[in-house]
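Please find below a colleague's note on the structure under discussion. The sequence and the model are shown first.

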Amino acid sequence: MDTPHRPPRRPHAWLPLLLLSQGLVAWAWWRWGWPLGLPLMFATHAVCWWGVLAPNSALYGPVLSRLPTGAREVWLTIDDGPSGDTAAILDLLDAHGAKATFFLVGDRAQARPDLVREIARRGHGIGNHSRTHPQAWFWALGPRRMRAEVEGCQRQLAAITGATPRWFRAVVGHANPFVSAPLRDEGLARVAWGARGFDAVDVDVARVLGKIERGLAPGAIVLLHEGAAHGRNVEMVAKLLQRLDALGYRTVLPRP
Ligand SMILES: [Zn+2]
């Protein structure tokens, strides 16, 4: 498999596009008035918001949405740990001979370094999911705070495991114009997903599984969570692993 690991190379590529589009809006407004200028302005702003809100949007930098394979393989990614669920999830993965990448929150990792080392010891991947998980404001972080979130988590995880993460999962899947520069500097590639069941908020195990299953395909990246308030993430992982076995899917970790 080719490496799908692509950190941003030109983190400010959006800037000339933005200037060009707003110049176009101003010119259209001047030339034809608001009936054309106003809708054009809304359209260009909608594109900017799509780049922020759509997890698979590459407007502000490259993002990996699936693995380049035709085989019945999926990449399990588990966000928001370490948590009280981590140990049970590790045992489930072992029982199924499965591997996953845990996208960890730096401050939570620092509070439970034993769990982080156990994830690594059992051969799973560890990715960067920000230092503090600012889920309400991640999309709005300025360049300095965005860099502190990315680099802070990177330092915390490297100090615990001795290895530097290579993959980044944006908080709530959002992006903005300032996420790519620290990712480039840290050699991190942003990872989205193609299969998810809203397992962080939905308590209905069967419904969550059904939604994930609709996204399953060769190379699918599966988004899972641990430590949700509803307390059923372990059960969801257990059911998903059974279902993957039944469907003939094996789990893989991409080589960066
Ligand atoms: Zn998260």
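The points below cover the basis of the model, the metal site, the backbone, the cysteines and the surface.

1. Basis. This is a predicted model, in which local features need pLDDT of at least 70, side-chain atom pairs count only at pLDDT 80 or more, and totals for chains, interfaces and linings use all residues. Residues are numbered from 1 along each chain as its sequence is written, and side-chain values use heavy atoms, with hydrogens and water left out.

2. Helices (H or I, at least four residues) and strands (E, at least two) are DSSP runs, numbered from the N terminus.

3. Zinc site. Asp-80 (OD), His-129 (NE2) and His-133 (NE2) are the protein donors of the zinc ion, at 2.0 to 2.1 Å from it. In sequence these donor residues follow the spacing D-x48-H-x3-H. Asp-80 belongs to strand S2 (residues 73–81) and His-133 to the loop between strand S4 (125–128) and helix H6 (143–161), so the pair ties together parts that are 53 residues apart in sequence. Donors are N, O and S atoms within 2.8 Å of the metal (3.2 Å for Na, K and Ca); water is not among the atoms, so the site may look incomplete.

4. His-133 has a positive phi, near 55°, although it is a residue other than glycine. His-133 is also buried, at 10% relative accessibility (buried means under 20% relative accessible area, exposed over 50%, partly exposed in between; 1.4 Å probe, protein chains only). Val-172, likewise not a glycine, has a positive phi of about 50°. Val-172 sits in the loop between strand S5 (167–168) and helix H7 (180–186) and is partly exposed at 46%.

5. Cis peptide. The Gly-81 to Pro-82 bond is cis, with omega near -5°. Pro-82 lies in the loop between S2 and helix H3 (86–96).

6. Cysteines. The whole structure contains zero disulfides (a disulfide is a pair of cysteine sulfur atoms within 2.5 Å).

7. Helix H1. The place of Trp-27 is in helix H1, and this residue is partly exposed, with a relative accessible area of 43%.
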